[in-house]
Every structure is written in C-alpha cells, then in structure tokens.
Amino acid sequence: MSHDHSHGANKKALMIAFIITTVYMIVEAIGGFWTNSLALLSDAGHMLSDSVSLGVGLIAFIVGERAVSQSKTFGYKRFEILAALFNGITLIVIALYIFYEASQRFIDPPEVASVGMLLIGIVGLLVNILVAWMLMSRGDTKENLNLRAAFLHVIGDLLGSVGAIVAGLLILFFDWGWADPLASVLVAVLITISGGRVVRESIHVLMEGTPKNIKLEKITEVITSHTEVQSIHDLHVWNITSEQIILSCHAVIEGQYSIQEGQKILREIETALQPLGIHHATIQLETTEHPHEEQLLCAIDSTGAAHEPHAH
C-alpha cells in the first residue's frame, strides 16, 4: 500500500513539474534569443530537456502501472529505469553541446543584453526552486531512480539560472563578456557529473547488479542465523525498479522436513529479510542428504565465508 501511495505521489509531482517547466522553458527560450545570451539559451535548452525528461518520467510511471501479462511477468515497472537511462544520456548530450557553444563564444564573445538576461535568470531561478521543492516534498527523489533523474535535470536548470544571474551581473558592472560562456561551462560540468551518475546507476539496475543498499554478507547472516539453515548458495539479489528488490537463493537444512515445517522455515526467513528492504524472496530449501550443485556465487556457509564451487 505504501508503495502505491509513493508511486501516486511521484506521478502527481512529475505532472505538476512538467507543466510548470514547459511553460517557463518557452519564456526563457524567447528571452535568450532577445538578449543574445548563451547562458539563457543553454539554460532554456536544458529546460527543454527537463520538459522532455519530466514527460518521459511521467509516461514511465503511467506505463509502469500496466498489469503483468504472460509475456511481461514483472509488468512494465522497469520502464522507469529505461526512462532514467534516457534522461541521464540527454543530460550528457546537452552538456557536450553547451561545451561546444561556449568554446565558440570564448573565441568571439558577442554582445549580451545583461539587464534582460539578469531579469529572466532571476525568474528562472524562482521557477526552478519551485519545481525542485515540489519534487522533493511530494516525491521520492532519493530512492526512485526515475524521479531522481528528472530531479537532477531541474537542479541543473537551477544552477544554470544561478550562472546566468552571476554572468549578467559581471557583464552589467564590469563588461566581462567571457562571464556568459564561463557560466555555461561550469553548469555543463555539473550536468555531466549528474548525468554520468544516473547513467551508471541505470545500467547497474539493467545489468541486475546487487542494489547499492544491500550487503550480501548481511543477507547471508540473516538467513543462516535460522537454526535449521546450515548454508546457502546460488544467492542472487537484484532490482526490478529502484524501489523493488528481488532475492532468490538455495538454503540447505539438516535432515528431512515435512511440507508444513518447510513452509514455517520459509515464512520465518522471509519475515527476517523484510527489515533489509527485501519483500519478494524466492528460497528453495534443500537437505544435506540431497544437496544441489553449487553455482555462480559459490556456497556461503554460516560464517559468511565463500568456498569455491565443486567441479562438475
């Protein structure tokens, strides 16, 4: 139920942010052409990517609500990760374009209408602060990778507005024309770092890597702390989305057990795993008399030590 509430809140936050960002992006683009400011135009271009990223993120939440099917047994929830990957890549592409444009302006700085640039930058800053606050207060920008990617776009815009304001002041009072492309470069560096982080985390999820907040040693300790469990192997922990963690493993218990006893052991292990953030676990019980061949991660005993798998 809490997941559904979080999902709905994230979707609503993105929808409102999308509308605000799109409207002001048009205003800032017009202002950038009017003042001939690269800082404003780059900020408007980044805001355009924000509008697209917020729209893609919103679509991802809507698509993710589609029910599971025989061809999509996990549903469409991972579409959120694909949206985050797309947004991370667009951040990097936009940053590269800003670097290119800035290099041209360092060589031949154009005239910039500093007062208009300053006014539009201030309004842009206020708009970005509003959108960032909405995403942070109404959505989960820490755990939901899709929303965090969209949020980073907005933060990049916010920094772009700050850069435009500072550049406008420097041009207005000191006639430093190079301040405009310099502000763009500084923003582009920050955008590149943020985009690279989102791309890296998205690929990690798509490659079914171990979630960053999960320690396999702790998982092993929790499972093998059950009095009936001797060891575990074939342990896999991965994300379907940034908020949904899946676990599967084989647990070896001593002697024989009835179906009722096995179900009791499984329920107790699943309950013990929930505080670690794992609410979907598939555990295969095996006995020491009929062990399964170890695979992939080697066998892990109750001490947490890993042993090389036996040769087949």
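Q: Which elements each supply at least two residues of the lining of the largest pocket?
A: First, the general idea: on a 1 Å grid over the protein atoms alone, a pocket is an open set of points where a 1.4 Å probe fits, with protein on both sides within 12 Å along at least five of seven lines, and lining residues have an atom within 4 Å of a point. In this predicted model, α5, α6 (179-206) and β2 (244-253) each supply at least two residues of that lining. α6 gives the most, with three residues.

Q: Before we go on, what should I know about the numbering and the model?
A: Residues are numbered from 1 along each chain as its sequence is written, and the model is predicted, so local features need pLDDT of at least 70, side-chain atom pairs count only at pLDDT 80 or more, and totals for chains, interfaces and linings use all residues. Side-chain values use heavy atoms, with hydrogens and water left out.

Q: How much space lies in the largest pocket, and which residues are the closest to its centre?
A: A volume here is the space filled by probe spheres set on the grid points, which are joined across faces, edges and corners. For the largest pocket that comes to about 550 Å³. Of the 21 residues that line the pocket, N239, S242, E243, Q244 and I245 are the closest to its centre.

Q: At what angle do α4 and α5 pack?
A: Two packed helices are described by the angle between their axes and the distance between the axes. Axes are lines fitted to C-alpha atoms, for helices over the stretch in contact, and angles run from 0 to 180 degrees between N-to-C directions. Helix α4 (residues 114-138) and helix α5 (residues 145-174) pack at about 155 degrees, with their axes 8 Å apart. That's why α4 and α5 are roughly antiparallel (angles over 145 degrees). By class, their contact has 22 nonpolar, six polar and one charged residues.

Q: And how does α3 pack with α5?
A: Helix α3 (residues 79-107) meets α5 at about 20 degrees, with the axes 8 Å apart. So α3 is roughly parallel to α5 (angles under 35 degrees).

Q: Where does E208 lie, and what is its phi?
A: E208 sits in the loop between α6 and α7 (216-224). Its phi is positive, about 55 degrees, although E208 is not a glycine. E208 is partly exposed, with a relative accessible area of 44%.

Q: What about D234 in strand β1?
A: D234 lies in β1 (residues 229-241) and has a positive phi of about 50 degrees, again without being a glycine. D234 is buried, at 7% relative accessible area.

How values were computed: Helices (H or I, at least four residues) and strands (E, at least two) are DSSP runs, numbered from the N terminus. Angles under 35 degrees count as roughly parallel, over 145 as roughly antiparallel, 65 to 115 as roughly perpendicular and the rest as oblique. Ala, Val, Leu, Ile, Met, Phe, Trp, Tyr, Cys and Pro count as nonpolar, Asp, Glu, Lys and Arg as charged, and the others, Gly among them, as polar. Buried means under 20% relative accessible area, exposed over 50%, partly exposed in between (1.4 Å probe, protein chains only).
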